[in-house]
Amino acid sequence: RSAAKPPRRKSEHVAGLEQEFRAALGVRVKLAHNAQGKGKLTIHFADHDEFERLKSHICGSGAMREAG
């Protein structure tokens, strides 16, 4: 059985990107990526109202528009 890997420290670049997202959205975010460049952006919210505010901010407040 191998020992658990120690957690990697975030680079200053990744920490800066997280800060940009926090400033833009007003909530805590987590950015993770691997060596191949694939990753995940996690946006935290406290309740339904905050989720709706984030959704509106990211997606726009209008009805879904059809492509074409």
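Student: How many of the residues of the protein chain, in percent, count as buried?

Tutor: This is a predicted model, and of the 68 residues of its protein chain, 10% count as buried. The accessible surface of the chain comes to about 6300 Å², and carbon and sulfur atoms hold 54% of that surface.

Student: Which pattern does the protein chain follow along the sequence?

Tutor: The pattern is α-β-β-α, built from 2 helices and 2 strands. As for contacts with a separation of 6 or more, 18% of them are accounted for by residues 24 or more positions apart.

Student: Why is Glu18 called buried?

Tutor: Buried requires a relative accessible area under 20%, and Glu18, at 5% relative accessibility, falls below that limit, so Glu18 counts as buried. Glu18 lies in helix 1 and, leaving aside its neighbours within four places in sequence, is in contact with Lys10, Val29, Lys30 and Leu31.

Student: What makes Arg22 partly exposed rather than buried?

Tutor: The label covers values between the 20% limit for buried and the 50% limit for exposed; Arg22 has 28% relative accessibility, and therefore counts as partly exposed. Arg22 also lies in helix 1, and, not counting residues up to four places away in sequence, it touches Ala15, Val27, Arg28 and Val29. The C-alpha atoms of Arg22 and His44, which are 22 residues apart along the chain, are separated by 9.9 Å.

Student: Which residues of helix 1 are buried, and why are they said to be on the same side?

Tutor: The buried residues of helix 1 are Val14, Glu18 and Leu25. They cover an arc of only 40 degrees around the axis, which means that they lie on the same side of helix 1. These buried residues pack against strand 1 (29–33), strand 2 (39–43) and helix 2, whereas the face turned away from the buried side carries the exposed residues Glu12, His13, Glu20 and Ala23.

Student: What do we know about helix 2 and its span?

Tutor: Helix 2 (residues 48–59) has 12 residues and reaches 16 Å from its first C-alpha to its last, close to the 16 Å expected at 1.5 Å a residue. At the start of helix 2, a side-chain oxygen of Asp47 reaches to within 3.3 Å of the backbone nitrogen of Asp49, and just after the helix, Gly60 takes a positive phi of about 95 degrees.

Student: How many aromatic pairs are counted, and what makes the pair of Phe45 and Phe51 tilted?

Tutor: The count comes to 1 aromatic pair. Phe45 and Phe51 are 5.1 Å apart centre to centre, within the 6.5 Å limit for a pair. Their planes make an angle of 55 degrees, and because stacked needs under 30 degrees and edge-to-face over 60, the pair is called tilted.

Student: Why are Phe45 and Phe51 each called partly exposed?

Tutor: Phe45 has a relative accessible area of 45% and Phe51 one of 34%. Each value lies between the limits of 20% and 50%, so both residues count as partly exposed.

Definitions and conventions:
Residues are numbered from 1 along each chain as its sequence is written. This is a predicted model: local features need pLDDT of at least 70, side-chain atom pairs count only at pLDDT 80 or more; totals for chains, interfaces and linings use all residues. Side-chain values use heavy atoms; hydrogens and water are left out. Rings of Phe, Tyr and Trp (its six-membered ring) pair if their centres lie within 6.5 Å; planes under 30 degrees apart count as stacked, over 60 as edge-to-face and the rest as tilted. Buried means under 20% relative accessible area, exposed over 50%, partly exposed in between (1.4 Å probe, protein chains only). Helices (H or I, at least four residues) and strands (E, at least two) are DSSP runs, numbered from the N terminus. Contact means heavy atoms within 4.5 Å. Accessible areas come from the Shrake-Rupley method with a 1.4 Å probe; for residues, only the protein chains shown count as cover. The expected span of a helix is 1.5 Å times one less than its number of residues. A polar contact is a pair of N or O atoms within 3.5 Å; within protein, one must be able to donate a hydrogen and the other to accept it, and residues adjacent in sequence count only if both atoms are side-chain atoms. The arc is that of the directions from the helix axis to the C-beta atoms.
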